[in-house]
Amino acid sequence: PVLRHPKGVLDAVGAPDGTVLVTAAGRRVYLWSREGNVLLAERELDGSAVNCLALMPGGGGVVAGTGKGLVHFLRFAKLESAREPLSTGADAVRVVAWRPDGEVLAVGLADGADERTGWVELRSGQGGVLSRTRTEKCVPGLMKWSPDGSVLMVGGASPQFYMLRGEPMAPELTMGSGKLVTTGFLFVSNERVRVLDYVDGWQEWDLAKGEKIGKPKEVQPSCVHIAVAPDGRQYLGVNRSASAYLYDAENALVPTRPLSPAFTVSGGYYLDASHVLLTGENGMAQIRLLRPSVPAVTLAHTRDDFT
């Protein structure tokens, strides 16, 4: 079954218990049951576009960033407000990401005065501003914390991306692929990260030294959007085509068959370790169960005395 929205879906989050999911499309958020894909509730937040979602610490709801620069806190139960929204004073919230310990919320903001520049604001769990960092030539569109929460990677529709570290957090490294668009981050460890560029594919970086490690690994088809699996072993890649692909995070090969939902795929999101939501610009979305990876080559071994 297809989950139908009047606008294209910009983000999606699944509840940890697997019962419901929330999608953001246009000016509204939508609550769906995982069983039967039934629409349970929908809500307009502040009259502006809902650009991003993130699971709240504890798993009881989501935070939603909007085009009015607000961050809303919503319970899974009927999408009721869990607390008053945070006001950033910015033109728009583009992306939100909780630190792994759930104590700090990173908020990526657009700069109304310069369409090529943005800000990263760190907020405490109570909402207080901890730091505010300008990101030159990069409007934040994706953010990823290191496993221990000591590093925050920030990227967007630009080849330039940032590593933030310290207390308060500040740009320690300004890096770039020199190509087109940064579309994803995958941490190998707290000091090593793989950066996906639309042209180059995966490039691994040593964050302690600020240096590239080896040559980039080609990704085919290339991806304009990725979602990393909860265990970090695979990622879902989208190229605005009829299919999405599952890639092995280690060697950048396609380990499974394409996922083809019968509409042009513009986004993809992990709901849990075995389910993804594929979305289209026409407002359609579909939940897909992931099959175990199938090796591209199977080696058959025989005893030495057999021919």
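Student: What makes the charged end of R132 count as sitting over the ring of W119?

Tutor: The charged end of R132 lies 4.8 Å from the centre of the W119 ring, and a charge is said to sit over a ring if NZ of Lys or CZ of Arg is within 6 Å of the ring centre and within 35 degrees of the ring normal. R132 over W119 is therefore listed under that rule. The model is predicted, with local features needing pLDDT of at least 70 and side-chain atom pairs counting only at pLDDT 80 or more, while totals for chains, interfaces and linings use all residues. Residues are numbered from 1 along each chain as its sequence is written, and side-chain values use heavy atoms, with hydrogens and water left out.

Student: Which ring does the charged end of R83 sit over?

Tutor: The charged end of R83 sits over the ring of F73, at 4.1 Å from its centre.

Student: How many aromatic pairs are there, and why is the pair of W202 and Y235 called edge-to-face?

Tutor: There are 6 aromatic pairs. For W202 and Y235 the values are 5.0 Å centre to centre and 90° between the planes. Rings of Phe, Tyr and Trp (its six-membered ring) pair if their centres lie within 6.5 Å, and planes under 30 degrees apart count as stacked, over 60 as edge-to-face and the rest as tilted; the pair of W202 and Y235 is therefore edge-to-face. Strands here are DSSP runs (E, at least two residues), as helices are (H or I, at least four), numbered from the N terminus.

Student: What makes the pair of Y235 and Y247 stacked?

Tutor: The planes of Y235 and Y247 are 5° apart and the centres are 4.9 Å apart, which puts the pair in the stacked class. Y235 lies in strand β23 and Y247 in strand β24 (residues 244-248), so this pair ties together parts that are 12 residues apart in sequence. Both Y235 and Y247 are buried, as is W202, and W202, Y235, Y245 and Y247 form one aromatic cluster.

Student: How do you know that S243 is buried?

Tutor: The relative accessible area of S243 is 10%, and buried means under 20%, exposed over 50% and partly exposed in between, with a 1.4 Å probe and protein chains only, so S243 is buried. S243 is placed in the loop between β23 and β24. Its side chain makes a polar contact with the side chain of S260 at 2.6 Å; such a contact is a pair of N or O atoms within 3.5 Å, where within protein one must be able to donate a hydrogen and the other to accept it, and residues adjacent in sequence count only if both atoms are side-chain atoms.

Student: What makes β4 a partner of both β3 and β5?

Tutor: Strands pair if DSSP finds at least two bridges between them. Strand β3 (residues 20-25) is joined to β4 by 6 bridges, and β4 pairs with strand β5 (residues 39-44) over 5 bridges, so β4 meets the rule on both counts. Both pairings are antiparallel. Within them, A24 has V29 in β4 as its bridge partner, and L31 stands opposite A41 in β5. Strand β4 (residues 28-33) is mostly covered, with 5 of its 6 residues buried.
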